[in-house]
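Please have the sequence and the model open beside the text.

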Amino acid sequence: MSRIHLLTGLLALSLVAGCKAQSASSATSDAALNRRIEVMVRSQFGVPPEVSVALGQRKPSQISGYDSLPITLSHGASKKEVDFLISTDNSKLARLETFDLAKDPVFNIDVAGRPIRGNPNAKVTVINFDDLQCPYCARMHSSLFPETLDRYKDKVRFIYKDDPLTEIHPWAMHAAVDANCIASQNPQTYWNFVDYVHAHGQDVSGPDRNVQKSYATLDRIAREEATVAKLDNAKLDACIAKQDDSQVKASAKEAESLGIEGTPAVFVDGERINGALPAEQVWVVIDRALRAAGIEPPPPAQPAQPAAKGQ
């Protein structure tokens, strides 16, 4: 909806209001209040200048002393209505959200068939939306494996989901497809492939950043891992050649539905961690999840003691 159409709509609302025998001073007061509300919404929620803000019709709410006030944010064809509360004396604007605890998507991430690292029956699950070309993902991966896995042993299980940022990482999709081709035969070999690619991302990119060479390198690494693990090479070759990215795209779509805008994005039993954090900060979240599950976390790591003089 264009800004002109929004202004026309607001004008129509004021005309309807005028049919209720409002005085000129009352109409002026309403306009001033509407402007104050718009400025408040823009400032408190960081609404960009190009986004239009339109106030809807006030209605009684279930909150004593407050009316419901729908506010529509529009930009081009995109439109989103957000419900606010405004006090009946027009002195306060509030935002009240309700959350469905039974249907929160962070507790319903689809991990069916994904390779698991750690104890498959562990009560705490760490899910990482990963991009195999992302350097920050490589940093997070190195803090999870082996350090975090060694710390928690059988208390936690780790699962990776795909979220390749193809607009900035040209070989990430190919890497994810190759990884899933391996996973369909052997979950442990999947992890070997992921470990290697995250540790050798610069080698995969190559000095000339030729994406076709990167594809060939990824395919070679996948075949080498498959040979070591004695996988079905013919089946793997067919999967690599097909490059079916439907599974990866479905995972990326799920990431989008969760509001993920960058990688890595880690969920520890639903609690989200954004970005590559030091292992100790990740452990704080895992420890909290373990205690919630009735499991005592491992004791804090003890700092190394300096060697005594003369030794």
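**Exercise 1.** Sort the lining of the second largest pocket by residue class, then locate the pocket.

*Solution.* Seven nonpolar, seven polar and two charged residues make up the lining, where Ala, Val, Leu, Ile, Met, Phe, Trp, Tyr, Cys and Pro count as nonpolar, Asp, Glu, Lys and Arg as charged, and the others, Gly among them, as polar. Of these 16 lining residues, Gln-133, Cys-134, Pro-135, Gly-201 and Gln-202 lie nearest the centre of the pocket. Two or more lining residues come from each of helix 3 (135-152), helix 5 and helix 6, and helix 6 gives the largest share, four residues.

The model is predicted, so that local features need pLDDT of at least 70 and side-chain atom pairs pLDDT 80 or more, whereas totals for chains, interfaces and linings use all residues. Residues are numbered from 1 along each chain as its sequence is written, and side-chain values use heavy atoms, with hydrogens and water left out.

**Exercise 2.** Check the length of helix 7 and describe its ends.

*Solution.* The 18 residues of helix 7 (residues 211-228) should span 26 Å at 1.5 Å a residue, and the end C-alpha atoms are 26 Å apart, which agrees; the expected span is 1.5 Å times one less than the number of residues. Just after the helix, Lys-230 takes a positive phi of about 60°.

Methods
1 Å grid on protein atoms, 1.4 Å probe; cavity = no way out; pocket = protein on both sides within 12 Å on 5 of 7 lines; lining within 4 Å.
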